[in-house]
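Please look through the sequence and the structure shown here before reading on.

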Amino acid sequence: MASFSLTHQSSNSYSSSVFFSAILFLVFIVSFSNAQPASSSRPQGVVLPVTKDSSTLQYLTYIKQGTPLVAESLVVNLAGEILWVDCQEGYVSTSNRSLNCLGSECLKLQKISKSCGPYSAQPGRKTFNTCIIFLRNSFSGTSTEPFNYFISDVVSTQSCINGSKSGPNVTVRNFSFGCGSTSLLKGLAERVKGMAGFGPFGVSVPSQLSLAFRIPRVFAMCLPSSTSSKGVIFIGGGPYIMQPGNDLSTSLTYTPFYTNPIAFSTSEYYIQVNSIKIGEAKIRIYSNSTEYRFRILTTINTLIPYTVMRTSIYNQFSSIFSEQAKAMNIPRVAPVAPFGNCFDSRNISGSWMGAVVPMISLVLHKENVVWKIFGPNSMVSVSDEVSCLGFVDGGNDANMLVIGGYQLEDNLLEFNLAKMRLGFTTTLGRRRQTSCSNFGFQ
């Protein structure tokens with residue numbers, strides 16, 4: 001099992017602390033221009049493969065960039081505003097351009113601090129005023145100076161045919177992305193070249209590809225549950241067909257999502273979770289009128305491996321789950337970090353939905369809109385004899401709830417950026433005889 005350390009801090013800082021805590025300013029040069037398709041052909045949609053790194057538990061996707069085209073491995077960041085790559089080492093492309101800091105694409109940046117000014121790629125040679133962005137990264141030990149490298153304006157990925165299989169590659173000219181230093185890779189999976197941002201902004205990956213190909217501003221994410229399998233990200237809307245012919249778009253439940261709900265400087269997706277149910281026992285996730293006003297502050301974060309709860313919520317959650325597991329003859333055993341609640345897996349039986357354990361339900365904006373979490377997304381196997389409840393205590397100052405990657409695996413999540421709406425399935429499992437790894441990549 002991969003190691004995962006947890007410090008007790010606020011959830012807003014925690015949810016971003018894995019990669020974006022406020023420690024150091026790191027500077028990028030960004031190349032921006034209006035994304036355009038390389039030909040007149042327009043795909044129905046595009047698809048990106050997704051894998052899971054066994055060491056960091058991060059989710060990786062792959063996009064071809066530059067001239068000549070080179071496949072780059074990128075960490076999937078659901079909350080990211082842009083795609084960025086390491087240009088300091090090994091990045092070579094003959095197609096590139098920079099953007100003036102007063103240009104329209106630079107002005108589209110909303111959550112990233114930006115500036116402009118002349119910088120030198122070589123001593124004595126200064127370029128025009130270039131769009132510069134500043135990110136905070138807790139893994140860099142020293143600050144870095146901006147690198148005035150031009151970056152590729154070409155991106156290529158696979159088209160999607162009828163929602164069921166990948167097709168020929170399609171290319172976008174003038175795709176906007178950041179060009180940064182190697183130090184920003186610290187803490188990321190080995191051999192990755194940067195991050196792919198899927199936030200609800202005009203220069204994120206889905207927004208640019210949707211605009212370039214004139215397809216709907218909708219993307220769907222289906223993360224794999226195994227490090228040896230491949231999931232999929234759809235851009236352009238459904239259908240979402242997994243072998244042997246299951247269209248997951250017909251199984252979606254919908255809830256609104258929100259961005260920047262109370263002026264936080266983040267690019268995360270927020271959903272309203274009113275309570276958590278374990279069986280018939282209900283846990284309110286707020287305890288007074290002030291917390292009630294901020295109840296939508298439940299975020300979804302692909303950069304943290306497991307769902308994090310505020311201590312007051314986690315203690316209730318853990319206690320109720322343990323009581324119900326005990327009633328099912330599933331005894332507790334010594335905890336295994338980072339988890340606080342572990343069980344003897346020899347007493348856990350299996351079914352068509354995986355491990356038979358108490359069912360967890362997130363009650364969303366209406367009482368009848370429920371996100372159900374079954375055994376495959378609630379229990380983490382840490383050995384042949386021990387399985388742990390895959391939820392983590394985030395401390396007293398944490399947000400009420402931050403939904404992590406493990407709880408998203410083998411669930412399809414559709415983000416409709418135009419309607420500000422999240423569609424979701426429950427665990428795909430054997431009930432639908434499919435998984436996120438059953439898309440027809442060619």
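## Overview

A residue is called buried when its relative accessible area is under 20%, exposed when it is over 50%, and partly exposed in between, with a 1.4 Å probe and protein chains only. By this criterion, 57% of the 442 residues in the protein chain are buried. The model is a predicted one, in which local features need pLDDT of at least 70 and side-chain atom pairs count only at pLDDT 80 or more, while totals for chains, interfaces and linings use all residues. Residues are numbered from 1 along each chain as its sequence is written, and side-chain values use heavy atoms, with hydrogens and water left out.

The protein chain contains 6 helices and 36 strands; these are DSSP runs numbered from the N terminus, with at least four residues for helices (H or I) and at least two for strands (E). Among contacts (heavy atoms within 4.5 Å) with a separation of 6 or more, 73% join residues 24 or more positions apart.

## A four-stranded open sheet

Four strands form an open sheet in the order β22-β21-β29-β30, with antiparallel pairing. Strands β22 (281–284) and β30 (370–373) are at the edges with a single partner strand each, so one side of each has no neighbour in the sheet. On average, neighbouring strands here are turned by 20 degrees against each other, direction ignored.

Pairing requires at least two bridges found by DSSP between two strands. Strand β21 (residues 275–278) is joined to β22 by 4 bridges, and Ile 276 has Ile 283 in β22 as its bridge partner. Helix α5 (residues 311–327) lies across β21, β22 and β29 (360–363), and runs at about 170 degrees to β22. Such angles run from 0 to 180 degrees between N-to-C directions of axes, which are lines fitted to C-alpha atoms, for helices over the stretch in contact.

## Strand β36 and its partners

Strand β36 (residues 421–424) runs antiparallel to β19 (residues 253–259), joined by 4 bridges; Leu 422 in β36 is the bridge partner of Thr 255. Strand β35 (residues 412–416) also pairs with β36 in the antiparallel sense over 4 bridges, and Glu 414 stands opposite Gly 423. These two strands, β35 and β36, form a hairpin with 4 residues between them, where Met 420 has a positive phi of about 55 degrees.

## An enclosed helix

Helix α3 (residues 205–213) is largely enclosed by the rest of the structure, because 8 of its 9 residues are buried. Among them are Val 205, Leu 209 and Phe 213. Just after α3, Arg 214 adopts a positive phi of about 55 degrees.
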